[in-house]
Amino acid sequence: MRGGYIITAFVLFYPRFVYGGSLGLVEDYLRNFLYLYIIYPLSLFIQHKIVCFTIILHFSSIFIASVVQLISLAFVLYLSISISLSIVSKEISCCHHNMAVKLYGFVGSNATFRALASLYEKEVEFELVTVNMAAWEHRRPRFLARNPFGQVPALEDGDVTLFESRAITQYIARKYANKGTELIMNDPLKMAIQTVWMEVENQKFDPVSWKLMEIAMHRVRGGEEVVAELEKKLSDVLDVYETRLTESKYLGGDSFTLADLHHIPNLYYLMMTRSKRLFHARPHVRAWAADLLSRPAWLKVTSMLRW
Amino acid sequence: MATPVTVYGPPLSTAVSRVLVCLLEKDVPFQLVPISMAKGEHKKPDYLKIQPFGQVPAFQDDEITLFESRAICRYIADKYPSKGTMGLFGTNPLVKASIDQWLEAESQSFNPPSSILAFQLVFAPRMKLKQDKALIKQNEAKLVKVLDIYENRLGESRYLAGDEFTLADLSHLPNTQYLVEKTNRAELFMSRRNVGRWWDEISSRPSWKKVVEMQNAPSQ
């Protein structure tokens, strides 16, 4: 009798101590199955009905518990995989393919980022179609049909094809005026002021900030003298911005508009270089830059860099 | 409009002439206030109040003060949709998008090399500055690539944004005028059939001829 208990106890607890964890579950499952067909006859041999009954009950419960554990483990794995997959696909293609709005570009291109920022601000569902620059895809006829200048990005919205990131942002801002953030002023006079500062970004901020960025990223050679000259030009522009931002909350007016948005990609990269001190030296510019870079729509754009 | 609008700056400036041709296209009366760059009038505090970068042009009407020539042109085109040449900035969003696209192409791709070439070939000699041969060569190469693209485009449509004359074409007038008429690089444009045809059409518009007259008038 006591021998029977000892054998039973050994058989019950040995796998738990040795294996544990999920492997133990599988082991348990197999062992339970075997034990039901070995121990039961054994217990009959021991001829103690209560012992038999408790042993069978115990093994059955282990068996059921293991099966339930396996099923729930599988379910949790399935859930976490599908949730992370849908988050991934939502970030890049927002739901499914064959969206009406397609942006052809690549993550890391400032101009593509500019267009992406406007799409996220306006909460427009779109698909990003990556153009393989390394394979010279942007110079092949199929892409040149979308942008004869062979540059990214290009937008496709149903029948409409557009290139130039600043034309794309304006198109998106107008077409989806009722969705998301208002990026274009409604009032004609306010719109005119906004347009002035959009041109300032285009003509004054972009050329110098772009060159500084290219030098900092070692895409273009530029010695100390060249950098100093460019930083002087940028400082002159930022001086005007500093004054403007004392009179107006944002560059284009009292609310965030494309006049601010167009700056963000170059600003983002410059803030990672030593040129950031030019922005930090001017309190209103500094606050404005921090505001722009912390916008949720922009954070969605930069999170794509991590894929 | 009781008072005519005011434009500040010399007509010889490419940016100023861009605004002037737009006002003429829209039949909007204006007065031109000369700003002598030589005398540094563009850097005086009074002027800096209306143009904080100290550049020309600046624009004033009874409602607003503006700067940046392409912003001024868009304002004029939108404010007077039924006056003068219609559809300069599009009558519907799709056309507007196409115009924006070619306006941006002008800003980003055509303007930089053509400006540098115009400065080096026309203004530098006038100002007795030494020409930078390497810079000229580099920018000519860039401009050639852009004009090849224009050649294709203008084979598909009469004007850049479509079959109507728009701000996208207008914006090209100032720099091209200098390169075609005041340098020996006219063949960059005229050797290309479609570009040549397009230039002939847009430069012979009465509005542009009037601006050229203003530019050639005896110095103020």
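Between chain B and chain A of this predicted model, 3 salt bridges are counted, a salt bridge being a side-chain nitrogen of Lys or Arg within 4 Å of a carboxyl oxygen of Asp or Glu. One of them joins B:Asp100 to A:Arg174, with 3.2 Å between the closest N and O atoms.

On the side of chain B that touches chain A, β4 (65-67), α3 (69-79), α4 (93-126) and α5 (133-156) each supply at least two residues; helices (H or I, at least four residues) and strands (E, at least two) are DSSP runs, numbered from the N terminus. The largest share, 13 residues, belongs to α4(B).

The contact (heavy atoms within 4.5 Å) involves 30 residues of chain B and 27 residues of chain A. The two chains bury about 2500 Å² between them, 66% of it on carbon and sulfur atoms; buried area is the accessible area (1.4 Å probe) that two parts lose on being put together, summed over both. Of the area that chain B buries against chain A, 23% is supplied by B:Phe53, B:Gln101 and B:Glu104, more than by any other three residues.

Residues are numbered from 1 along each chain as its sequence is written, and chains are lettered from A in the order in which they are written. Local features need pLDDT of at least 70, side-chain atom pairs count only at pLDDT 80 or more, and totals for chains, interfaces and linings use all residues, while side-chain values use heavy atoms, with hydrogens and water left out.
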